[in-house]
Amino acid sequence: MNTALPELSDPGRPSESWRERHASSIRQMRLYWHTYRRNASAMVGLVLVVIFLLLSLISPWIVPYPADATGAVHMADKLLPPSAAHWFGTDEVGNDILTRLLIGTRLSLEIAVIITGVATIVGVPLGILAGFRGGWTREIIMRVTDVFLSVPALVLAIAIVAALGIGIVNAIIALSLVWWPGYVRLVESKTLSLKGEAYVEAARLAGASTARILFSHILPNCLSPILVKASMDMGMAILAAASLGFIGLGAQPPTPEWGAMISIGRNYLPTWWWYATFPGLAIYLTVLGFNLMGDGLRDVFDPKSRGR
Amino acid sequence: MALYIGKRMAFLIVMLVGLLIVTFLISHVAPGDPASLAAGPDAPPEMVEQIRHEYGLDKPLPVQFVLYLEGILHGQLGQSVRTGHPVTEDLAEFFPATFELVTVSMLIAILLGIPLGMLSAVKQNHWFDHATRIVSVSGVAVPMFWLGLMLQLALALDLGWLPLSGRLGIMSAPPDPVTHLYLIDSLLAGQWDVFRDALSHIILPAVTLCFPALASIIRVNRAEMIEALGQDYIVNARAQGIGPFRTVAVYALKNAFLPTLAMIGLRYGWMLGGTILVESVFDWPGIGLYATQSAIAQDFQPIMGVTLLIGANFMIANLLVDLAYIWLDPRTREAA
């Protein structure tokens, strides 16, 4: 990267390329990839996630009927069974279900990224603070976390949506508000165990500031469990948002959200079975992908858990 | 032991107060106006004002919280605009159905999960193990409401083996209420046909609801069994000529069971959350259906009531599991 001016920036050190300076991390990554690759179910997960990501990126350009995602109406084509023209059939206003599913991919991914992102941004610092500071700080943070974890996230989210009003934005806000406690619990226990490690003590004796200890020693060592949990939570957040959509509190039609599609599609069972069936399959495969990937990452980062 | 139980009870009370603070904040501090939330969407302004005054919503927040606590201690959870009944009455009416569903579902998860976990630990990496893993991985990934619809489609609508929805067929009258659990009440009354009807109605929702719990139980039990089967006492038992069934199902399972039990406690709470989705699919008249119907009608008080009830249930379930845990594990029993 900065091979052009290594001598200028640091004349005392011999010139090294980026690859040389990061040789050990590169070797570590190679080892991780080697372990991950040999795990069949983890690879299935990765493939599913990659397909899903690609679809969410390119879906606006590949869908067969782009207008159908925004609530176009062509009653002549309503409730057609799967065919060459409409692979997954059409819905009650004649929209192509495949088109709506593909466009919905991006929405689901956005929802998952926001919820998981907010949860890590809020949860990780609180967890580190609780684990590192101890005392009253820890007591207060952890008790609040316990209270939030004592009610199923979906129930609390429904209560918050009911207070804020029905809709996709409020559903995302509600799920973000209830999702962080899991990260606090995870990071707190990890920080507690890291705090006593010799290298943290050594850093402190060498005069490192608290901020430096937290950012360069504690946080990097918490990253792998956070990554595993975040991967799983991407799937769980998609599931939760679809659940809210299904019971009518999340995305509202004609937004092409998978849960909301099933919610309408159920009224057309059993005759028009394709309407509710395909969105459910999409949710299942996506969540499965993130879960398998999370499992695979855990096996890579934590060899003791392998095969569990 | 008594000291430990006392401590746990005190902790439970702290948690309950914490939960009340959370529900209070949601209902009183959320951007929506709590008085108009309580009055319902179509209430005239005078009525909103009246409610604001009646509930003390014009007073400062800490005073409001004390009033809120007082009300809850007297069993007042507000009024449902949609049903026209006090929320406590509604909850008392709908909770037994949910409790029955969750209990049957958990029983299915335990009765299937423990043997499946055990067998896949014994047959590690055998096709059986892989098949079980597919079940346990899918169990948490499949959207429960969709699975319910698909089971309805296949087993109720297509094959006609099981009823589509509800708690009883229209031909059956509910049994005399003793426990309010139809399966038990019908047995107490000796009404076999009602029992069979109630059982056939509960199978589909209970199976749908059990999958995430089943998945976790299989996973934890399998992992713990693998660990236990590698221990010296198992080798010793085998060397002494004790049969494989006894070695696995008694010696190893005993040690694998405790972590599984902890998972069961955790999953019970999550099941109470999942029941909201399943009840809405199967028109199961429990607190989950009550909550979703209230939420769609923007009837606010019932939702807070359901949230509190589920939270309290989850906390009590965890307490019971903790107590069972120390009672079952001789090491902690001695220590406590």
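**View 1. Arg138(A) and Glu188(A) meet through their side chains in a salt bridge.** In this predicted model, the N to O distance of the pair is 2.4 Å. The two partners come from distant parts of the chain, 50 residues apart: Arg138(A) belongs to helix 6 (residues 135–149) of chain A, and Glu188(A) to helix 9 (residues 181–195) of chain A. Their surroundings are worth a look too. Arg138(A) counts as partly exposed, at 28% relative accessibility, whereas Glu188(A) has a relative accessible area of 5% and is buried.

**View 2. A salt bridge connects Arg219(B) with Asp295(A).** Here the side chains come to 2.7 Å, N to O. Arg219(B) sits in helix 9 (residues 192–229) of chain B and Asp295(A) in helix 13 of chain A, so this pair joins two chains. On the chain B side, Arg219(B) is partly exposed, with a relative accessible area of 30%; on the chain A side, Asp295(A) is buried at 14%.

**View 3. Within chain B, Arg222(B) forms a salt bridge with Asp129(B).** The closest N and O atoms are 2.9 Å apart. Distant parts of the chain are linked again, with Arg222(B) in helix 9 of chain B and Asp129(B) in helix 6 of chain B, 93 residues apart. Are these two residues buried or exposed? Arg222(B) is buried, with a relative accessible area of 6%, and Asp129(B) is buried as well, at 1%. For another arrangement, turn to Glu139(A), Arg143(A), Asp146(A) and Arg185(A), which salt bridges with shared partners join into one network. Over all chains, the count of salt bridges comes to 12.

**View 4. Helix 5 of chain A has a kink centred on Gly104(A).** The kink is about 25 degrees. The helix covers residues 97–133, which makes 37 residues, and spans 53 Å from its first C-alpha to its last, close to the 54 Å expected at 1.5 Å a residue.

**View 5. Six residues of chain A form a nonpolar patch on the surface: Val50(A), Leu54(A), Leu57(A), Ile58(A), Trp61(A) and Ile62(A).** Together they have about 630 Å² of accessible area. Trp61(A), one of the patch residues, is found in helix 4 (residues 40–62) of chain A. With a relative accessible area of 69%, Trp61(A) is exposed. A reminder for reading the spacing: an α-helix has 3.6 residues a turn, so residues three or four places apart point the same way.

View 6. Pro254(A) lies in the loop between helix 11 (210–246) and helix 12 (258–265) of chain A. Pro270(A) has its place in the loop between helix 12 and helix 13 (274–301) of chain A.

**View 7. Asn125(B) and Gln298(B) have positive phi angles without being glycines.** For Asn125(B), phi is about 65 degrees. This residue, Asn125(B), is in the loop between helix 5 (87–122) and helix 6 (127–141) of chain B, and is exposed at 53% relative accessible area. For Gln298(B), phi is about 55 degrees. The loop holding Gln298(B) runs between helix 12 (287–296) and helix 13 (300–328) of chain B, and Gln298(B) is partly exposed, at 44%.

Conventions
Residues numbered from 1 in each chain as written. Chains lettered and ligands numbered in written order. Predicted model: local features only at pLDDT ≥ 70, side-chain atom pairs only at ≥ 80, totals over all residues. Heavy atoms only, no water. Helix = DSSP H or I, 4+ residues; strand = E, 2+ residues; numbered from the N terminus. Expected span 1.5 Å × (residues − 1). Bend = angle between axes of the 7 residues up to and from the residue. Patch = residues over 30% accessible without salt bridge, like charges linked within 9 Å, V, L, I, M, F, W, Y side chains within 5 Å. Areas by Shrake-Rupley, 256 points an atom, 1.4 Å probe, with all protein chains shown as cover. Salt bridge = Lys/Arg side-chain N within 4 Å of Asp/Glu carboxyl O. Buried < 20%, exposed > 50% of the residue type's maximum accessible area, 1.4 Å probe, protein only.
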